[in-house]
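Please read this note with the model open beside you.

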Amino acid sequence: MTPVDTVHLGVDSSDSAIRARIGGHPPQVFAGQPILQTHEYLLTLAAHTATWLGERELSVFIRRGFSIGDDDLEYPDIGVRAVLHSPSSRSAESAGSHGGLGSAALIKTPADEEVMSLVLIAPQPVLIQNEPSYAEAVEADGHRFLFQINDEGWPVGSQSQFAEEYLFGYGSVYFYGSTDANGLVREVVPGFLDF
């Protein structure tokens, strides 16, 4: 297994139709796909954003109507999906767009102990409840931690027109996966929500 570099991503003030991005129209590769009927697009990690991606991109979707009061908050039935795909620019169509999010590029940001990154790619998760048992089910299926999305990193509120509300109850959703002999991820699964 190849080592995982730590990468911090935040929301840029400009948008991007390619590369790492958040909100707006989903990647063109999903046009007409059933996932756009049941889920809303959140973000895309561009190829090489993490060493385990290689030449592929990874897009994250949240189940339409998802709420932290729902039952689907942990693996394997969590209401969030992560899909590996070939590099793809934003679609011209709005199908699957999240109505509560703006559209922006994701950019690498410096590590800051005082500020949580929106996306953290790291060897180990930063847990809110400090309860490692939350990961037991996903790790039992042979997956290891890859990255997390942190509500604390959203530009939310009156100072920002980007996000209308926190999507995960001011918590974090943690993603896991299994890699091949070259260290490239074969699949990515959301493990649990912590808030």
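Predicted model: local features only at pLDDT ≥ 70, side-chain atom pairs only at ≥ 80, totals over all residues.

1. Residues are numbered from 1 along each chain as its sequence is written, and side-chain values use heavy atoms, with hydrogens and water left out.

2. Rings of Phe, Tyr and Trp (its six-membered ring) count as a pair if their centres lie within 6.5 Å, and the pair is called stacked if the planes are under 30 degrees apart, edge-to-face if over 60, and tilted otherwise. By this rule there are 11 aromatic pairs. One of them joins Phe 30 and Phe 61, an edge-to-face pair with 4.9 Å from centre to centre and 75° between the planes. Because Phe 30 lies in the loop between strand S2 (21-23) and helix H1 (35-38), and Phe 61 in strand S4 (residues 57-63), this pair ties together parts that are 31 residues apart in sequence. Helices (H or I, at least four residues) and strands (E, at least two) are DSSP runs, numbered from the N terminus. Both Phe 30 and Phe 61 are buried, a word that here means under 20% relative accessible area, with exposed meaning over 50% and partly exposed in between (1.4 Å probe, protein chains only).

3. A cluster linked by ring pairs is made up of Tyr 134, Phe 145, Tyr 174, Tyr 176 and Phe 192. Within this group, Tyr 176 and Phe 192 are each buried.

4. A salt bridge is a side-chain nitrogen of Lys or Arg within 4 Å of a carboxyl oxygen of Asp or Glu, and the count by this rule is 4. Among them is the bridge between Glu 57 and Arg 21, at 4.0 Å from N to O, which links strand S4 with strand S2 across 36 residues. Glu 57 counts as buried at 5% relative accessibility, and Arg 21 is buried too, at 0%.

5. Which residue forms a salt bridge with Glu 40? The partner is Arg 64, with the closest N and O atoms 3.7 Å apart. Glu 40 is buried, with a relative accessible area of 15%, whereas Arg 64 is partly exposed at 37%.

6. Asp 70 and Arg 63 also meet in a salt bridge, at 2.7 Å from N to O. Here Asp 70 is partly exposed at 26% relative accessible area, and Arg 63 is partly exposed at 24%.
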